[in-house]
Amino acid sequence: MDILRLYNDEPFIVDVNEFFMRNSFLFFNPHEKKSVEQSFAEMVKDSYYGVYHDGIMIAYGMLRGMDEGYEIPMLGIAVDGSYENKGVGTLLMKFLETDAKLNGYTKMRLRVHKNNFKAVGFYIRLNYFAFDYSGDCFWMEKDL
Ligand SMILES: CC(C)(COP(=O)(O)OP(=O)(O)OC[C@H]1O[C@@H](n2cnc3c(N)ncnc32)[C@H](O)[C@@H]1OP(=O)(O)O)[C@@H](O)C(=O)NCCC(=O)NCCS
């Protein structure tokens with residue numbers, strides 16, 4: 001297994017698009033407003049990662065919002081349905097938190113739909129707490 005930082009290179013863009021074609025996540029659509037291509041082309045402080053196993057991207061994670069001027073990174077994560085409940089999500093969360101810490105951030109933020117029960121429980125287990133609620137979503141935060 002490898003965790004790779006993704007750049008604006010064609011093979012990475014193909015991997016991410018294939019990941020989303022294999023998985024239609026009900027509550028996770030991070031490229032709804034901005035395509036993968038556009039997000040990768042514009043990224044400066046934001047970062048995107050792929051977890052690879054046997055040459056296939058099995059999870060996708062991101063720390064973003066900094067390029068829009070926010071001071072607290074907004075975390076996003078998804079694991080391929082065939083690889084859930086094996087610890088990949090937890091591992092990627094720890095990776096993203098440590099990566100943010102190394103880059104000087106002291107808090108992490110995320111938004112999760114109230115009906116995404118698995119993800120809500122998962123984040124609570126990882127010590128995220130809800131500090132706000134809007135549009136059917138909890139805003140959660142954690143001190144790093
Ligand atoms: C939420 C999500 C990221 C979790 O990823 P995951 O890889 O399944 O997470 P893990 O395997 O690390 O942990 C999931 C559960 O499996 C359990 N688990 C961890 N390692 C395990 C192992 N080796 N064997 C069995 N179970 C294990 C954990 O205890 C955990 O339980 P919890 O949900 O009660 O906390 C994943 O379900 C997902 O991608 N969902 C769809 C996209 C999405 O909703 N993203 C969040 C948007 S806000």
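# Loops, a helix and a ligand

Biologist: Is Asn 127 buried or exposed?
Modeller: Asn 127 counts as exposed, because it has 10 C-beta neighbours inside 10 Å.

Biologist: What sort of model is it, and how are residues numbered?
Modeller: This is a predicted model, in which local features need pLDDT of at least 70 and side-chain atom pairs count only at pLDDT 80 or more, while totals for chains, interfaces and linings use all residues. Residues are numbered from 1 along each chain as its sequence is written.

Biologist: Where does Asn 127 sit?
Modeller: Asn 127 belongs to the loop between α4 and β6 (129-134). Helices (H or I, at least four residues) and strands (E, at least two) are DSSP runs, numbered from the N terminus. The phi of Asn 127 is near 75 degrees, a positive value in a residue other than glycine.

Biologist: What about Asp 136, where is that one?
Modeller: Asp 136 is in the loop between β6 and β7. Its phi is near 65 degrees, again a positive value in a residue other than glycine. Asp 136 counts as exposed because it has 10 C-beta neighbours inside 10 Å.

Biologist: Changing topic: which residues of α3 are buried?
Modeller: Gly 89, Leu 92, Met 93, Leu 96 and Ala 100. Seen down the helix axis, the buried residues of α3 fall within an arc of 105 degrees, so they line one face of the helix. The arc is that of the directions from the axis to the C-beta atoms.

Biologist: And which exposed residues are on the face turned away?
Modeller: That face of α3 carries Lys 94, Thr 98, Lys 101 and Leu 102.

Biologist: What covers the buried residues of α3?
Modeller: The cover includes β2, β3, β4, β5 and α4. Contact here means that the C-beta atoms of two residues, placed from the backbone, lie within 7 Å.

Biologist: What comes just after α3?
Modeller: Gly 104 does, with a positive phi of about 90 degrees.

Biologist: How many residues are in the largest nonpolar core?
Modeller: That core has 29 residues, and Ala 59 and Leu 110 have the most contacts inside it. Such a core is a set of buried Ala, Val, Leu, Ile, Met, Phe, Trp, Tyr and Cys residues joined through C-beta atoms within 7 Å.

Biologist: Which element gives the most to this core?
Modeller: β3 does, with six residues.

Biologist: What does Leu 110 touch?
Modeller: Leaving aside neighbours within four places in sequence, Leu 110 is in contact with Met 74, Leu 75, Tyr 123, Tyr 128 and Met 140.

Biologist: Now the ligand. How many residues surround it?
Modeller: There are 20 residues around the ligand, and the closest are Val 79, Glu 84, Gly 87, Gly 89 and Thr 90. A residue is near a molecule if its C-beta atom, placed from the backbone, lies within 6 Å of it.

Biologist: Which elements supply at least two residues each to that shell?
Modeller: β4 (74-79), α3 (88-102) and α4 (117-125). Among elements, α4 gives the most to the shell, with five residues.

Biologist: Phe 117 lies in which helix?
Modeller: Phe 117 is part of α4. This residue is exposed because it has 11 other C-beta atoms within 10 Å. Phe 117 and Phe 28 are 89 residues apart in sequence and 13 Å apart in space, C-alpha to C-alpha.

How values were computed
Buried ≥ 20, exposed ≤ 12 C-beta atoms within 10 Å, placed from the backbone.
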